Number of protein chains: 2
Amino acid sequence: MNVQACNLDNCPEGENEGLREPIAVELFKALADPSRAAILSSLASAGRPLRVTEVGTCCPQDLSVVSRHLTILREAGVVESERRGREVWYRLETGGLVRYLRNLADAFESCCPAASSEEGNHGEK
Amino acid sequence: MNVQACNLDNCPEGENEGLREPIAVELFKALADPSRAAILSSLASAGRPLRVTEVGTCCPQDLSVVSRHLTILREAGVVESERRGREVWYRLETGGLVRYLRNLADAFESCCPAASSEEGNHGEK
DNA sequence: TGCACGCTTGCACATTCATGCAAGCATTGT
DNA sequence: ACAATGCTTGCATGAATGTGCAAGCGTGCA
């Protein structure tokens, strides 16, 4: 397992030839879905843990679908869950994500400084 | 089109309720494949533009598959291509990517400061 | 003990997507 | 003009994935 499938907490370093930081394919898979993006936005806008039912108001899908998406996000290390009584509370856990995104940005920047300085008009709105 | 499908260069801001920076689903889709991750690593380790045939040595797939992956990466704004004679050279274009990753990291960090400081042991190897 | 509530899981289905092979297109060289 | 090289595109196929419905499981309450 190198680039093929790694997440925030099991991504080995040094297996990629050119990038200091391996590309966390499984993490990006978790982020690469509009429903899950909406769920993350919902959790972010709430600013507090939400029950599954509350998260479900963010998207038109069935609650079972939302539950599955939350499981995927939890396994990717982006949210955490805690059971309280018969409710399950989900909250963002972005510490590892933030660190990883910054490390990856640094890695891309330092691996090809010429390319990133040659053209500077990308990503602008 | 808000969170549903956006890339580095067409991702509107302000449509997400809680995150300053929208989640670029299409960009993450492009990064969420092991073959494309290997291609990016290959380009990064080369430190220079590569022809499609050269990129193809990074992965066992057919060259047509590699060509398609490069197209996806180009449409995601991560690489750029230039035709010279009968060869097509691909090179990393990470300026927008680096900016976006840092903006997203900042957005996640500032949207839920309590969550990201509460637990600090994620993402460590 | 029985019931309601909240969430998860099993199953089926439709769509998306990665892949390989073959054919096509663009360019260069003879 | 013709052939060779380099890359892309059309087509078919198998795998992965998102989704909904129904059933199941855990918990609290009467």
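User: Which element gives the largest share of the surface near DNA strand D?

Analyst: In this predicted model, H4(A) does, with 4 residues. A residue counts as near if one of its heavy atoms lies within 4 Å of the strand. Of the 23 residues around DNA strand D, those that come nearest are A:Gln61, A:His69, B:Thr53, B:Ser67 and B:Arg68.

User: What makes the pair between B:Arg68 and DNA strand D a polar contact?

Analyst: The cut-off is 3.5 Å between N or O atoms. A side-chain N or O atom of B:Arg68 is 2.7 Å from a base oxygen of DNA strand D, so the pair falls within the cut-off.

User: How do you know that the length of H4(B) agrees with its number of residues?

Analyst: At 1.5 Å a residue, its 13 residues should span 18 Å, and the end C-alpha atoms are 18 Å apart, so the two agree.

User: Why are the buried residues of H4(B) said to line one face?

Analyst: Buried means under 20% relative accessible area, and B:Val66, B:His69, B:Leu70 and B:Leu73 are buried. Down the helix axis, the buried residues fall within an arc of 100 degrees, so they line one face. An α-helix has 3.6 residues a turn, so residues three or four places apart point the same way. On the other side of H4(B), B:Arg68 and B:Glu75 are exposed.

Conventions. Residues are numbered from 1 along each chain as its sequence is written. Chains are lettered from A and ligands numbered from 1 in the order in which they are written. This is a predicted model: local features need pLDDT of at least 70, side-chain atom pairs count only at pLDDT 80 or more; totals for chains, interfaces and linings use all residues. Side-chain values use heavy atoms; hydrogens and water are left out. A polar contact is a pair of N or O atoms within 3.5 Å; within protein, one must be able to donate a hydrogen and the other to accept it, and residues adjacent in sequence count only if both atoms are side-chain atoms. Helices (H or I, at least four residues) and strands (E, at least two) are DSSP runs, numbered from the N terminus. The expected span of a helix is 1.5 Å times one less than its number of residues. Buried means under 20% relative accessible area, exposed over 50%, partly exposed in between (1.4 Å probe, protein chains only). The arc is that of the directions from the helix axis to the C-beta atoms.
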